[in-house]
Amino acid sequence: RHLRERIAAHTIPPGARLREWDVAADFGVPRLTAREALEALVHLGFVERQPNRGIVVRRRELGEVLRLFEMREVNEGLCARIAARNMLRDSWGDLIELFGAPMQDIVDRKDLHAYVRHYEQFRHRLVDAAGSPPLAELLQRLNDMTSIYGRRVLLVSDRTKHALDDHRAVLAALQRGDAAAAE
């Protein structure tokens, strides 16, 4: 999980080589445990085996990233649909308040870190409300695969303004208990 987070944040950048003994030393675990962690990352598609290089962090092409965002969008919509059916309508008040004036101020100040932090709070609440461990794992994996690209888009565009409107609409639908609109 920690390696996955480092890869997602590009703390370990695409093209970086990962060695069992380095991972074992970094995490204070036996080499066998490090090997199993690296094999899991190969299986999940975060790293790949390359001839004469070993295990290397995958570099994603634009087309693949766009397909991952589409998958994320569809599955986050499903998560919102399920959350709307599972939760009481008044369960969303604190997020509705947060995504009002406080988030507007964050968007106006272009405070990307605060924006992402609050969005993550919203996303985690949706995932928890959906109550589906398989969906939660899929969304976490998709989020890890796309988060660095999403942050870059937010940095170079006015996407936060549009995203704030979208999040407000989802929250309003959740408050109404309208599963189709939430999706």
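Predicted model: local features only at pLDDT ≥ 70, side-chain atom pairs only at ≥ 80, totals over all residues.
Residues are numbered from 1 along each chain as its sequence is written, and side-chain values use heavy atoms, with hydrogens and water left out.

**Sheet.** Three strands form an open sheet in the order E1-E3-E2, with antiparallel pairing (strands are DSSP runs of E, at least two residues, and helices are runs of H or I, at least four, numbered from the N terminus; two strands pair if DSSP finds at least two bridges between them). Strand E1 (17-18) and strand E2 (47-50) are at the edges, each with a single partner strand, so one side of each has no neighbour in the sheet. E2 is joined to E3 (residues 54-57) by 4 bridges, and Val-47 stands opposite Val-57 in E3.

**Pockets.** A pocket is an open set of points on a 1 Å grid over the protein atoms alone, where a 1.4 Å probe fits, with protein on both sides within 12 Å along at least five of seven lines; lining residues have an atom within 4 Å of a point.

| Pocket | Volume |
|---|---|
| Largest pocket | About 830 Å³ |
| Second largest pocket | About 250 Å³ |

Of the 27 residues lining the largest pocket, Arg-72, Glu-76, Tyr-119, Arg-159 and His-167 are the closest to its centre. Helices H4 (62-86), H7 (112-130), H8 (133-156) and H9 (159-176) each give two or more residues to this lining. In the second largest pocket, H3 gives the most to the lining, with 5 residues.

Key:
Points joined across faces, edges and corners; volume = space filled by probe spheres on them.
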